[in-house]
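Please examine the sequence and the structure shown below. The paragraphs that follow proceed from the confidence of the model to individual residues.

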Amino acid sequence: STQSTWAAELDLTCSAAVDAFFKQHAPEYVFLAAAKVGGIHANDTCPADFIRINLQIQTNLIDAAHRYKVTKLLFLGSSCIYPKFCEQPMKEEHLLSGKLEPTNDAYAIAKIAGILMCKSYNRQHGTNFIAAMPTNLYGPGDNFNLKGSHVLPAMIRKFHEGKVNNQPTIELWGSGTPCREFLYVDDLADGLVFLMNHLEGSRAKEDEKMFVNLGVGEDISIADLAKLVKQTVGYTGEIVWNASMPDGTPKKLLDVSKMEALGWKAKTGLATGIKQSYEWFLAHIDDYRQ
């Protein structure tokens, strides 16, 4: 098998399969981006899947990276690791300073465990494992399945189908008042390569420097996001907010000063990123991820 075929077929929840991959390919650098992810509905209805699968993936890959002496591993966490009513903008030192959002606490606990696992391996084994906490991601290749997608791709699909089917109204969940930050996927990739080259782990017990927030440093209300997506797609009907559905955390804005101090900043504006995401959606409308 080629390495790309291996990656496509590799079951990261199986420790034997992960071990065989590391033994055969001996990777020098590992970007641990694989995860079981989803929006509020998916997290709230399948919490056991989110905590089990993510803990399995992280445990298998982090331990294999240690045993096969990987030069550096970068673990991707999530901005949802921070407390529900966290001080804004959220700084790295706010981790574990309050209660989590209950609709996705299983996923958040798994990601927090991943950060602590990386720190613990650094302390005990002298590994060079670091972590990044990305904000909400979007862009080409996103998941547009309405049962499991995040808010932005779900809006793109809903407004597109509303336009095509001449629907007079589109229902969106919640009140529209929560604020969210969105990072374009190409900016994420650029930021991760930057971190792999400029951030180091250490054996320090209280090493908060081994993980950094990765975002744009500004947010938008879900209601304003909906207007922007609606305009980009060209839907002319009305938006109806279903306030009986959960809003999730009221505000999640990352403090990205640490990342900027290292010398990196996101480049893609939200309007441009949404336009490019919709163009990708249209180009793959017959075969996009279900």
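Over which residues does pLDDT stay under 50? In this predicted model, those are residues 1-6, for which the model has 8 contacts beyond four places in sequence. Where pLDDT is low, the predicted coordinates should not be read in detail. The chain as a whole averages a pLDDT of 92, and 94% of the residues score at least 70.

With this in mind, attention may turn to a residue within a helix. N54 is located in helix α4, which comprises residues 47-67. N54 counts as buried because its relative accessibility is 1%, and the cut-off for that class is under 20%. Beyond its neighbours within four places in sequence, N54 is in contact with A35, K36, D49, Y107 and A110.

N143 is found in the loop that runs between β4 (136-138) and α6 (151-164). N143 also counts as buried, because its relative accessibility is 17%. A polar atom of the N143 side chain lies 3.0 Å from the backbone nitrogen of N145.

V193 has its place in helix α7, residues 185-198. Since its relative accessibility is 45%, V193 counts as partly exposed; that class lies between the limits of 20% and 50%. Together with Y29 and F31, V193 makes a nonpolar surface patch of about 280 Å².

Technical notes
Residues are numbered from 1 along each chain as its sequence is written. This is a predicted model: local features need pLDDT of at least 70, side-chain atom pairs count only at pLDDT 80 or more; totals for chains, interfaces and linings use all residues. Side-chain values use heavy atoms; hydrogens and water are left out. Patches are made of residues with over 30% relative accessible area and no salt bridge: like charges are joined within 9 Å, nonpolar side chains (Val, Leu, Ile, Met, Phe, Trp, Tyr) within 5 Å. Accessible areas come from the Shrake-Rupley method with a 1.4 Å probe; for residues, only the protein chains shown count as cover. A salt bridge is a side-chain nitrogen of Lys or Arg within 4 Å of a carboxyl oxygen of Asp or Glu. Helices (H or I, at least four residues) and strands (E, at least two) are DSSP runs, numbered from the N terminus. Buried means under 20% relative accessible area, exposed over 50%, partly exposed in between (1.4 Å probe, protein chains only). A polar contact is a pair of N or O atoms within 3.5 Å; within protein, one must be able to donate a hydrogen and the other to accept it, and residues adjacent in sequence count only if both atoms are side-chain atoms. pLDDT is the predictor's confidence in each residue, from 0 to 100. Contact means heavy atoms within 4.5 Å.
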